[in-house]
Amino acid sequence: MCHRIVLGCYRQWNGRNLALCGVEPLLRRRMLSARVLIASDYNAKERAHFALSYDFCRIIAECDDAELIAPPVHQYLKQYFGRVLPPNDDLNVQRDFNRLVNGVRKGLGMKNAPTITPVDLGSKEYELFAYIAWSPNALVELSRIRHWRERSAKAVLFMHELWVSTLEENRAYLRMLDQFDHVFLLHRAAVPKLQRYTDTPCSFLPTGTDCLAATPYPKPPERVIDVYSIGNRPAGLHRQLVEMAEKQEIFYLYDSLASSDSRMKDWREHRLLVMNNIKRSRYFIAFSPASIATSKARQVQDEQVVPSRLFEGAAGGAVMIGEPPQCPEFNELFDWPDAVVRVPAKPEDARAVLKELDSQSVRMERIRHVNVIQSLRRHDWSYRWEQMINTIGVEALPKLQQRKSRLNDAANTAEAALEMKVRPTAVNAG
């Protein structure tokens with residue numbers, strides 16, 4: 001089985017299954033024609049939030065002449081100690097061992113050790129190398145992608161998570177940014193501060209979502225889920241919604257496992273499930289991470305970012321309720337009325353809040369349509385890729401414009417549905 005996703009000839013690789021099948025430790029690249037090499041560490045992590053990297057990589061590959069490599073965890077313990085490892089659990093043993101090793105290394109003031117299966121790029125050369133990383137420690141994985149810098153005329157990095165309050169402790173990793181021609185960050189406030197640690201130009205780049213997969217149009221399903229919550233949520237509101245669900249007053253769908261227990265079996269199926277749930281939800285919980293009492297919020301000292309769930313909730317046409325982030329980029333990216341309907345993290349009566357919103361049917365219907373339209377026109381991952389290649393002077397291919405045309409057609413369909421459904425209702429109500 002091929003160890004990468006390749007588009008034009010699209011071959012999907014499930015990195016976890018490949019690892020479990022005992023793939024050779026050194027994965028060798030076939031000689032395929034591509035101008036862009038995309039790399040990411042998401043197959044070595046398999047946590048739900050790494051689906052953002054999976055989605056972005058997949059959309060880039062669709063919009064460009066690209067190869068994608070996302071190697072699984074390197075199971076060297078199985079290679080050398082397979083006879084004494086627990087049967088059917090060698091991957092977990094390797095992961096636990098990696099965490100132990102990196103925990104010790106961190107205590108000694110050392111960088112993490114790389115964990116992905118080595119990849120040999122051979123002699124193929126690329127016009128552009130794009131690395132989609134979650135956090136600074138993912139930069140050590142580049143050492144396992146042999147000759148990536150020599151084989152690439154230009155190199156860019158997109159990093160999902162980097163906080164101003166953790167820059168100094170990540171100094172050793174940040175030195176590695178000098179290998180790139182441009183660095184893109186989700187956290188705008190970190191951009192000017194990061195420049196103290198690297199000579200590479202840095203820019204703000206928000207996340208996005210696969211808006212074509214997320215949109216409920218042209219055949220919007222019935223919204224049978226009353227409230228949907230993914231990831232961290234405010235305890236006060238959650239408790240009240242659970243009580244309403246216990247009394248069968250609402251269908252409340254929420255995560256019952258900690259994010260550390262959310263290992264993926266199949267990235268595509270996971271994303272399909274989340275998107276199908278959102279497009280079938282009336283309300284979607286959307287609180288700024290800084291407004292929720294978590295260990296992460298304390299660690300990052302209330303820094304404000306625009307979380308991915310806002311893009312996902314809007315693209316699926318749910319009414320987002322919560323407390324949006326207090327940062328300029330939110331006001332720029334979600335600058336339409338009622339993008340997030342403000343609801344306190346600990347309302348006096350969540351039942352009354354939902355009842356009041358339900359009574360405003362025309363407003364809620366308009367919110368759902370506008371969320372979808374704005375997302376299709378502004379927040380698809382393809383727009384983020386376009387921003388990246390425009391920044392470094394790489395010309396877009398027709399594939400990108402083809403996807404943008406499909407997004408425009410879908411937005412036009414949603415606008416026509418808004419015109420037909422909301423305005424006559426508003427006239428009759430008047």
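**Exercise 1.** In this predicted model, list the residues of α9 that are buried, and find which elements cover them.

*Solution.* 
Step 1. Taking under 20% relative accessible area as the cut-off, the buried residues of α9 are Trp267, His270, Arg271, Val274, Met275, Asn277 and Ile278.
Step 2. Seen down the helix axis, these buried residues fall within an arc of 160°, so they line one face of α9.
Step 3. The cover over the buried residues of α9 includes the helices α2 (51-63), α7 (211-214) and α11 (308-315). Strands β11 (225-228), β12 (252-253) and β13 (281-285) are also part of this cover.

**Exercise 2.** Compare the span that α9 should have with the distance between its end C-alpha atoms.

*Solution.* 
Step 1. Helix α9 runs over residues 267-278, which makes 12 residues.

**Exercise 3.** Describe the largest cavity: its volume, its lining residues and their classes.

*Solution.* 
Step 1. Counting cavities of 30 Å³ or more, the structure holds 1. The largest cavity has about 40 Å³ of space.
Step 2. Its lining consists of Leu237, Leu241, Ile321, Val343, Ala350, Val353 and Leu354.
Step 3. Two or more lining residues come from each of α8 (235-246) and α13 (350-358). Helix α13 gives the largest share, 3 residues.
Step 4. Sorted by class, the lining has 7 nonpolar residues, no polar and no charged ones.

Notes:
Residues numbered from 1 in each chain as written. Predicted model: local features only at pLDDT ≥ 70, side-chain atom pairs only at ≥ 80, totals over all residues. Heavy atoms only, no water. 1 Å grid on protein atoms, 1.4 Å probe; cavity = no way out; pocket = protein on both sides within 12 Å on 5 of 7 lines; lining within 4 Å. Points joined across faces, edges and corners; volume = space filled by probe spheres on them. Helix = DSSP H or I, 4+ residues; strand = E, 2+ residues; numbered from the N terminus. Nonpolar A, V, L, I, M, F, W, Y, C, P; charged D, E, K, R; others polar. Expected span 1.5 Å × (residues − 1). Buried < 20%, exposed > 50% of the residue type's maximum accessible area, 1.4 Å probe, protein only. Arc of directions from axis to C-beta. Contact = heavy atoms within 4.5 Å.
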